[in-house]
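This report concerns aromatic pairs, charges over rings and helix packing. Please consult the sequence and the coordinates alongside the text.

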Amino acid sequence: MDILIAQMVNGLSYGMLLFVITCGLALVFGILGVLNLAHGSLYMIGGYVGYSVTATYTQSFWLALLTAPLVVAFIALIMERTLLHYTYKLGHLSQVLLTLGVAYVFHDIAKIIWGTNVLSIRVPESLAGSVSIAGQLFPLYRLVIIAVGIVIAVGIWWVQNKTRWGAIIRAGLSDREMIGALGVNISLVFTSVFVLGGILAGFGGVVAAPILGLYPDMEFQTLILALVVLVIGGLGSIAGTFTASILVGVLETFGRYLVPELSMFLVFTLMAIILVWRPNGLLGKQVAEG
């Protein structure tokens with residue numbers, strides 16, 4: 001029983017890591033209708049920038065947690081204004097091809113700057129201990145990740161569904177011309193959302209690095225899992241992404257413990273079953289092309 005409880009906590013923390021990594025991708029797709037395949041690269045850059053801050057310039061994890069999202073946000077801003085801004089009316093295929101190309105560019109740049117060695121960020125001393133729950137010790141950092149994931153999920157849901165800004169964004173996605181006629185600079189709003197997605201990706205890169213590490217091709221492996229979570233939860237649904245992240249995190253964790261060679265097979269089997277049962281995902285809605 002102790003082992004099952006420990007694996008469940010590990011699964012929940014891994015699921016919350018997946019959510020933190022994926023929520024920016026879900027937010028951008030759900031609000032802008034843009035499937036950004038360079039999201040994994042933004043996550044990777046966030047992790048590497050965080051590593052540089054902690055290993056080269058300072059030992060502060062907290063400074064890395066502040067700096068990396070800002071750097072990634074700036075990259076996301078340049079990317080949206082110079083490239084993606086012109087694809088909003090071209091459909092998903094153009095966006096997929098463009099962002100996949102950008103991902104390969106970032107991949108080569110990262111290898112030039114940080115090399116191909118496996119790197120990691122040290123957990124800050126204040127979060128390096130353990131907490132005793134029901135007589136069993138759990139890493140404090142993993143428990144904090146669970147709490148952070150829940151806070152981010154609630155925050156995004158509240159902004160998206162309960163604020164004027166969220167209403168403007170949803171209306172802009174449905175009828176951009178009408179919102180513009182009402183005096184709202186919808187281009188600025190859309191850019192802000194994409195930058196927010198970059199901030200979340202950079203934040204996720206730093207938070208995940210102490211557990212998942214930093215290594216070549218990490219962005220593509222992460223992107224695959226993020227897309228699986230996105231498809232299972234439903235494209236563009238934050239609640240669906242949250243639910244799917246927990247399902248995938250727990251399933252893969254138990255899979256690695258019980259049948260390591262079949263852990264990813266179980267995840268993709270879950271995706272296939274859910275797509276047969278609910279083609280739009282657990283909590284997704286039909287998204288029109290264009």
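## Basis of the report

The structure is a predicted model.

## Aromatic pairs

A search covering the whole structure returns 5 aromatic pairs. The ring centres of Tyr48 and Trp114 lie 4.8 Å apart, with the planes at 10°, so this pair is stacked; the cut-off for stacking is planes under 30 degrees apart. Tyr48 belongs to helix H2 (residues 39-57) and Trp114 to helix H4 (residues 92-114), so the pair ties together parts that are 66 residues apart in sequence. Both Tyr48 and Trp114 are buried.

Phe61 and Trp62 give an edge-to-face pair, because their ring planes stand at 85° while the centres are 5.4 Å apart. The relative accessibility of Phe61 is 6%, so Phe61 counts as buried. Trp62, with a relative accessibility of 46%, counts as partly exposed. One aromatic cluster is formed by Phe61, Trp62 and Tyr141.

## Arginine over aromatic rings

Two arginine placements are described here. Arg256 is positioned over the face of Tyr14, 5.8 Å from the ring centre. Arg278 is positioned over the face of Trp277, also at 5.8 Å from the ring centre.

## Packing of H1 and H8

Two packed helices are described by the angle between their axes and the distance between the axes. For helix H1 (residues 2-32) and helix H8 (residues 186-212), the angle is about 165° and the axes are 9 Å apart. H1 is therefore roughly antiparallel to H8, a class that applies to angles over 145 degrees. The two helices, H1 and H8, cross in a left-handed sense.

On the H1 side, the residues that meet H8 include Tyr14, Leu17, Val20, Ile21, Cys23 and Gly24, and also Leu27, Val28, Ile31 and Leu32. Their counterparts in H8 include Phe190, Val193, Phe194, Leu196, Gly197 and Leu200, together with Phe203, Gly204, Val207, Ala208, Ile211 and Leu212. Tyr14, listed on the H1 side of this contact, is the residue whose ring face lies under Arg256.

## Packing of H9 and H10

Helix H9 (residues 218-233) packs against H10 at an angle of about 125°, with the axes 8 Å apart. H9 and H10 are therefore oblique to each other, and their crossing is right-handed. From H9, the contact involves Leu225, Val228, Val229, Leu230, Ile232 and Gly233. From H10, Gly240, Thr241, Ala244, Ser245, Val248 and Glu252 take part.

Which residues does Thr241 contact, leaving aside its neighbours within four places in sequence? They are Phe19, Thr22, Ala26, Val229, Leu230 and Gly233. Thr241 is located in helix H10 and, at 0% relative accessibility, counts as buried.

Ser245 is placed in helix H10 (residues 238-258). Its relative accessibility is 0%, so Ser245 counts as buried. With neighbours within four places in sequence left aside, Ser245 is in contact with Gly15, Leu18, Phe19 and Val229. Phe19 and Val229 are among the contacts of Ser245, and both are also among those of Thr241.

Notes. Residues are numbered from 1 along each chain as its sequence is written. This is a predicted model: local features need pLDDT of at least 70, side-chain atom pairs count only at pLDDT 80 or more; totals for chains, interfaces and linings use all residues. Side-chain values use heavy atoms; hydrogens and water are left out. Rings of Phe, Tyr and Trp (its six-membered ring) pair if their centres lie within 6.5 Å; planes under 30 degrees apart count as stacked, over 60 as edge-to-face and the rest as tilted. Helices (H or I, at least four residues) and strands (E, at least two) are DSSP runs, numbered from the N terminus. Buried means under 20% relative accessible area, exposed over 50%, partly exposed in between (1.4 Å probe, protein chains only). A charge sits over a ring if NZ of Lys or CZ of Arg is within 6 Å of the ring centre and within 35 degrees of the ring normal. Contact means heavy atoms within 4.5 Å. Axes are lines fitted to C-alpha atoms, for helices over the stretch in contact, and angles run from 0 to 180 degrees between N-to-C directions. Angles under 35 degrees count as roughly parallel, over 145 as roughly antiparallel, 65 to 115 as roughly perpendicular and the rest as oblique. A crossing is left-handed if the near helix is turned anticlockwise from the far one by less than a right angle, and right-handed if clockwise.
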